Amino acid sequence: MLFLVQDGITNGAIYALLGLALVLVFAVTRVILIPQGEFVTYGALTYASVASGQMPGTAKLALAMGIVAFALDLYAARRALHVRPIARAFLTNIVLPGAVLALTSWVVSRQPPVGVSIALSLVIVAAIGLFLYRIVFQPLAHTSVLVLLIASVACHLALQGLGLLFFGAEGQRGPAVLSTAFTAGTLRFTGQSIAVYAITIAFIVGLWLFFGLTLYGKALRATAVNRLGARLVGIRTTLSGQIAFLLASVIGALSGILIVPITTLYYDTGFLIGLKGFIAAIIGGLVSYPLTAVAALVVGTVEAFSSFYASNFKEVIVFTLLIPVLLLRSLAAPAVEEEKD
Amino acid sequence: MRERLPIIIFAIVVAAIPLIPGVPPFWIVLLDNIGLAALVAMGLVLLTGVGGLTSFGQAAFCGFGAYTTAVLSTAYGLSPWLTLPLSLLVSGVAAVLLGLITVRLSGHYLPLGTLAWGLGLFYLFSKLEFLGRNDGISAIPPLSIGSFRMLDPGSIYYAIWVAVLISALLTTNLLDSRTGRAIRALRRGHVAAEAFGVQTPRAKLLVFIHAAVLAGLSGWLYAHLQRAVNPTPFGAQAGIEYLFIAVVGGAGYVWGGVLGAAIVVILKEVLQSYLPLLLHGSGQLETIVFGILLIILLQLAPAGVWPWLVARLPLKPVGKRPDTSLALPARARTPSEGGVLLKIDNARKQFGGVIAVNSVSFDVQAREIVALIGPNGAGKSTTFNLITGVLTTTGGSISVLGRKIDNAPPQEVVKLGISRTFQHVKLVPDMTVLENVAIGAHLRGHSGPVSSMLRLDRADEEKLLAEAARQIERVGLADQMHQLAGSLSLGQQRIVEIARALCVDPMLLLLDEPAAGLRHMEKQRLAALLRDLRDGGMSVLLVEHDMGFVMDLADRIVVLDFGTKIAEGTPEAIKTNPAVIKAYLGVAA
Amino acid sequence: MRALLSVSDAHVSYGKVEAVRSVSLEVAENEIVTIVGANGAGKTTLLSAVMGILPLKGRVTFGGENLARLEIEDRVALGLGLVAEHRELFVTMSVQDNLELGAFRIAKAKAKISLERVYALFPRLKERRKQLAGTLSGGEQQMLAMGRALMGAPKLLMLDEPSLGLAPIIVADIFRIVGELRASGVSVLLVEQNAQAALRIADRAYVMELGEFVLSGPAKDVAANEAVAASYLGFHHEGASAI
């Protein structure tokens, strides 16, 4: 029994991280981030590849996307070409992913330490997340939630396809982040599960500090609360969008890196994992961070129990669990007039 | 007949394609798939584009349709024609059950809810023994008419496209009707539609069922085209793809669904068959390219390809002026003159700690114009919302002709003959003035969705439109009748709201700032109209800030300040009332 | 005096309706200019377009710079500030957070000085600095909106209906502070339905009707104009503010 709860909490912690990222991205950009799952897969498989001495295709993808993003930046600025913003765009869009690509190809053949593999994977996926916002969502910023959602699904398809191209159909596992283990009573704690807890908690605390204390964190919250208000004090919507996507991709990649030593990940596993983070986010109403975290733990636990007792119907149970919750939530929500378009 | 011409041409072209010698059979397969997808997308157009309810779960309804016929025609040997109504019924019943839960979901919960049960049902299809688990069911008999068995894609082609054309026709008919207007009003929020008697949850459930039945039809056809079913085409991925189709084509347009289906199906096919040749690549190259192309398409035409195309065609719809000689039965008026029509007795409304309306009492007599004035935040609009049932009172009572109505839903209040306009205009901007105003006559028509689809509602419909046209002429907007409401100035939109309220044939008209944004002349015309209405037996309660307008028009004035009534009396008495001058008018009066 | 803001031959369409037609306007440094007119005359539309929220046809320059291709955020950085009709506060954040974000484009040291100044101008906000913006009263929210805009050290502050829905006594306070702003070197473009109060503190005024300026000149002359007196000053008075 207890080990199921333990399992649930380990999974739930990951879902919590993903749920938080989804809430953040939605609040700031109105994008329901379906490709979050790909950030997970990319992070995990990039890490596993680098650790096993293979060159990950994601590093090349980051550079390719950077080139497209730079081209878009140039096109957008075509009427007034100033040196400094272009130099800055060149630096983030071309030089950074280029340097990471060079570094990765130098490192892979030399059996890098775990820390280096993690850092490289994070930077690669972060760059992909950033460029994804620039290429896909920034030009669509003025459209409806529905169009953004469809674009988001299209990204998911393209990225998942690329995932297959880069990593093949075979599953991969990565080396453990922490390899110690100890037992307390009937429970065995592996170093990896401790790493999961520790990193999740550290990240949540970090995010809390970021949003509560820093000007950029507050600017992000401000954009989420009132987009026009934020623009009127000079906070660029694109800047907030970039930060949100950056955080989401880092969180996704980190989650992937934390899971891949425990479970074998395939190029398309991320989608289902992301979806469960998503369920947690929805239960949290796409607004509340603490509620999302709690919901994630519940989802993880339900999943652990149903995979033990009714493994065939595990997914059915997890997904149908959502409906009563949604119902309760929308009944509890104040009857405000929704005006879309 | 003229507006039907493009459809007839389209039907002839579709019918002729297989007859052209040399058409590759592969094209026919493609067209079959387009037709199947178009059916589902059409339902989504109604559900998502028109009704504003985003669903990821439509593929599951295809599954219900397909599995119903698969099980019944294999295990029980039923004829496919017998399973057709059963397939549609199962999809429809599933929609009722899921809809009852799902349409209550608001905002973003809804699409996510549909995604959740879409996934759940997919796993259910693939786990249930009698549905053949992951392998599904095979050896489904083909459709046949007499000895003609539709064994190949070419022969079922006509069945599919007849279904598409009939569905498109029925769906467009539905949208152009009393029920259709109610559905189209959903996307703009509930309050306005409910104020005219639309049962919004029922309207939502209706589109939900309509979309599900179309998907079920597509599933039924699919099962007999493939003659085998398995869970894959009914999963979340497919559900998402249908939404793609609707959005790419143009989510607000029935034919956008068909166009979107053509674009997406052909695009996928081209990518699948040519990309590997071009790039010698393995893996899911086509998904990658498909995803990227989709993003580019969305960036170029965010509203969809169909409206983009239509805007470039020289087609201009001509609005027909309704025959205004047709009349609807009028409301029975109480013969008594000078009785109390509306009585508000100690009404209270509290929001959290804020008391918005604090024990306010006043009444409106028959044939009387009463004005409600006071500073912003004094509780005027809240009072309106209490009377019309948008908000429930915290205390006190409101009665009409002696009958208590407090806390009756808006749909019941309007039945009593109380209609209203809104401070923030609530028209459907992409509907014409005539259609908007006709929503006001919603309760005076009785055609349901089925008769609308079959065009049996025309007599009823003509009377409703005639009434709407009459009220539009009455308020002086006859020239704008066929313009889109969103293209009018704000002041004119307020007048359109008055016409809509008049369509109720009300006893009491509640007007929230009707004169705002009107020019001097227009204000005078409005005042004359309101006097006319009063002299014809109607009562008017209005909130207005233009004191010249109010003092000139009102028989009696009620002044609110901070939720409390501070004065009541004739315009002359109010002008000189010290409390009113202090709180509202100022010394200049 | 040099023109700080200059708008010439501006047209603004809202949906398919042309809400502002061929409007020209100037605000000089250290000047309070008001635009008065009835509800729906196009005043808010004009301000939104000058700020870059709505697209504008015509020429707008600020401090000599053409604003045509600049986004809202760039206009803020140039020193143009708008207190919008709906105030657009960050309601779930504290008063102090709102103010600090107002200085998003300003160096930290400068922002600190700005904060002191704003607190001096609105002592009420200092008392409530830890409170969430959404829990403030209407008048306090208006003060916060003005304070937040001032945190960005604007050269020109555009105020859209600052008296809207406020008690008369608070309206008087707000107008007093608007007057004080000029003394500290901020120009003001004030859009008001409460014509009397606006004309009293303004240097110059424009009267807007159905999207066009029908009259302009020194505020005193406009206030003395009989047609204006009849249409806008009649029953309106402080507190008679209205939507």
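**Chain A and the domains of chain B**

Colleague: Of the contacts in chain A with a separation of 6 or more, what percentage is between residues 24 or more positions apart?

Modeller: Such residues account for 77% of those contacts, a contact being two residues whose C-beta atoms, placed from the backbone, lie within 7 Å. This is a predicted model, in which local features need pLDDT of at least 70 and side-chain atom pairs count only at pLDDT 80 or more, while totals for chains, interfaces and linings use all residues. Residues are numbered from 1 along each chain as its sequence is written, and chains are lettered from A and ligands numbered from 1 in the order in which they are written.

Colleague: How many helices and strands does chain A have?

Modeller: Chain A has 13 helices and 2 strands; these are DSSP runs numbered from the N terminus, helices being H or I with at least four residues and strands E with at least two.

Colleague: And what box do its C-alpha atoms fill?

Modeller: The box for chain A is roughly 65 × 60 × 35 Å, along the principal axes.

Colleague: Turning to chain B, which domains is it divided into?

Modeller: Chain B has domain 1 (5-259), domain 2 (328-417 + 506-589) and domain 3 (427-504), with bounds from an automatic or database domain assignment.

Colleague: How far apart are the C-alpha centres of domains 2 and 3 of chain B?

Modeller: Those centres lie 25 Å apart. In chain B, 13 residues of domain 2 are in contact with 13 residues of domain 3.

Colleague: Which elements supply the domain 2 side?

Modeller: On the side of domain 2 of chain B that touches domain 3, helix 15 (410-415), strand 11 (508-512) and helix 20 (520-535) each supply at least two residues. Helix 20 of chain B gives the largest share, 3 residues.
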